[in-house]
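Here's a quick briefing to read with the model open beside you. Have a look at the fold first, then work through the notes below.

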Amino acid sequence: MNSTKLISTLFKPRQAATALYATQAEAIQAKVFKRLIKDAANTEWGLEYSYKDIKSYQDYQRVPLQTYEEIKPYVERLRAGEQNLLWPSEIRWFAKSSGTTNDKSKFLPVSKEALEDIHYRGGKDAAALYFRINPDSHFFSGKGLILGGSHSPNLNSNHSLVGDLSAILIQNVNPLINFIRVPSKKIALMSEWETKIEAIANSTIPVNVTSLSGVPSWMLVLIKRVLEKTGKQALEEVWPNLEVFFHGGVAFTPYREQYKQVIQTPKMHYVETYNASEGYFGTQNDLSDPAMLLMIDYGIFYEFVPLEEVGKESPRAYCLEEVELNKNYAMVISTSCGLWRYMIGDTVKFTSKNPYKFVITGRT
């Protein structure tokens, strides 16, 4: 019996919920908006901008758009141990992201609510949408190989921990998930890259791996090392039940031909996800369509600034229902991490509004 068929029934409620994206998107986002504003009303930020008086999206537009430079003073205070600044619950984790003009790295707050309601939900929904795409999947007959980064204590403070988002997710994941993923947490969180790749290869070669998750460039290094160590020509010779790669972080197109060389089976599926340090935003739900489904019922409220408005003194932002198809927008988010009207630096273009689907077009 195919155990995946049985287990995948647990994902039916989320499949039904995401199906509502096509008809109830505006109502879903309005509900998220009200919840975020209510939860943050008594934080320092919420008091400063009178969140208790915000009753509509129009009211919310008085809050200025933010970049990392604007929120950095709050981040530094959070890393020093202050709380209830941007979000009411304790924040100890900070996702280290790529640098800005003035900083080598950005340190983005990660709340416990965001872990559950954004990042982990995104991972679960990626599986749910994949089972709809591939109902004959044997996903749970083996284990998922997740390739992530590392984390470490904050060198300047005893109050926070800093790491790649992937490492934060591995560190805080439900222990039950460790039964269906490899490598072990100890190996997964190693900081020295070459030692880590070697350890992952050694520990996973004998395992029945059915799925891969990670950044295409990093995963390609691991795959090539696995093939070198086994003397095989293609990865399906090592893991014959491998069926899907959930990829994100960088564009997959430049790597597609290299993956065809190392994974030669036509049964392999590739699913793009948009999981950034700031949040989980999209998952491909149709393998014939490169656009991703915008995940609209997480702890994220979306706004969009037309690209030609970016850099102006008072750029106009639009909520989801106001966007136009095939137009470049800078994405703006408000989240349960305490990021408010935050410009993440990516630009997107919508290809559909029923449901809302988009492609990443570049950086601002």
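This is a predicted model: local features need pLDDT of at least 70, side-chain atom pairs count only at pLDDT 80 or more; totals for chains, interfaces and linings use all residues.

Residues are numbered from 1 along each chain as its sequence is written, and side-chain values use heavy atoms, with hydrogens and water left out. Helices (H or I, at least four residues) and strands (E, at least two) are DSSP runs, numbered from the N terminus.

**Helix α3**

- α3 covers residues 21-39, which is 19 residues, yet its end C-alpha atoms are only 24 Å apart.
- A straight helix would reach 27 Å at 1.5 Å a residue; the expected span is 1.5 Å times one less than the number of residues.
- Its buried residues are Y21, A25, I28, Q29, V32, F33, L36 and I37. Buried means under 20% relative accessible area, exposed over 50%, and partly exposed in between (1.4 Å probe, protein chains only).
- Those buried residues pack against α2 (12-19) and α5 (57-60), plus the strands β11 (292-294), β12 (300-306), β14 (328-335) and β16 (356-363). Contact here means heavy atoms within 4.5 Å.

**The cores**

- The largest nonpolar core has 78 residues, and those with the most contacts inside it are Y51, Y60, L294, F304, M331, W340 and F350. A nonpolar core is a set of buried Ala, Val, Leu, Ile, Met, Phe, Trp, Tyr and Cys residues joined through side-chain atoms within 4.5 Å.
- Helix α7 (residues 112-133) gives the most to this core, with eight residues.
- There's also a second, separate core of 27 residues, and L147, I200, A201 and M219 are among them.
- Setting aside neighbours within four places in sequence, W340 is in contact with a list of residues including L36 and I37, W45, Y51, Y60, W87 and I333.

**The sheet**

- Twelve strands make an open sheet with mixed pairing, in the order β6-β3-β7-β8-β9-β10-β11-β16-β15-β14-β12-β13. Two strands pair if DSSP finds at least two bridges between them.
- β6 (181-182) and β13 (318-319) sit at the edges with a single partner strand each, so one side of each has no neighbour in the sheet.
- At the β6 end, two bridges join β3 to β6 in parallel, with G144 partnering R181.
- β3 also pairs with β7, in the parallel sense over four bridges, and L145 stands opposite L212 there.
- β14 and β15 (residues 342-353) run antiparallel, joined by five bridges; I333 stands opposite Y342.
- Helix α11 (residues 216-230) packs on the sheet, touching β3 (143-146), β7 (209-214) and β8 (244-247). Its direction makes about 135° with that of β7; axes are lines fitted to C-alpha atoms, for helices over the stretch in contact, and angles run from 0 to 180 degrees between N-to-C directions.

- Y318 is in strand β13 and is partly exposed, with a relative accessible area of 24%.
- Not counting residues up to four places away in sequence, Y318 touches Y57, E303, F304 and P306. The C-alpha atoms of Y318 and E303 are separated by 5.4 Å, although the two are 15 residues apart along the chain.
- D59 lies in helix α5 and counts as partly exposed at 26% relative accessibility. Beyond residues up to four places away in sequence, D59 touches D53 and I54.
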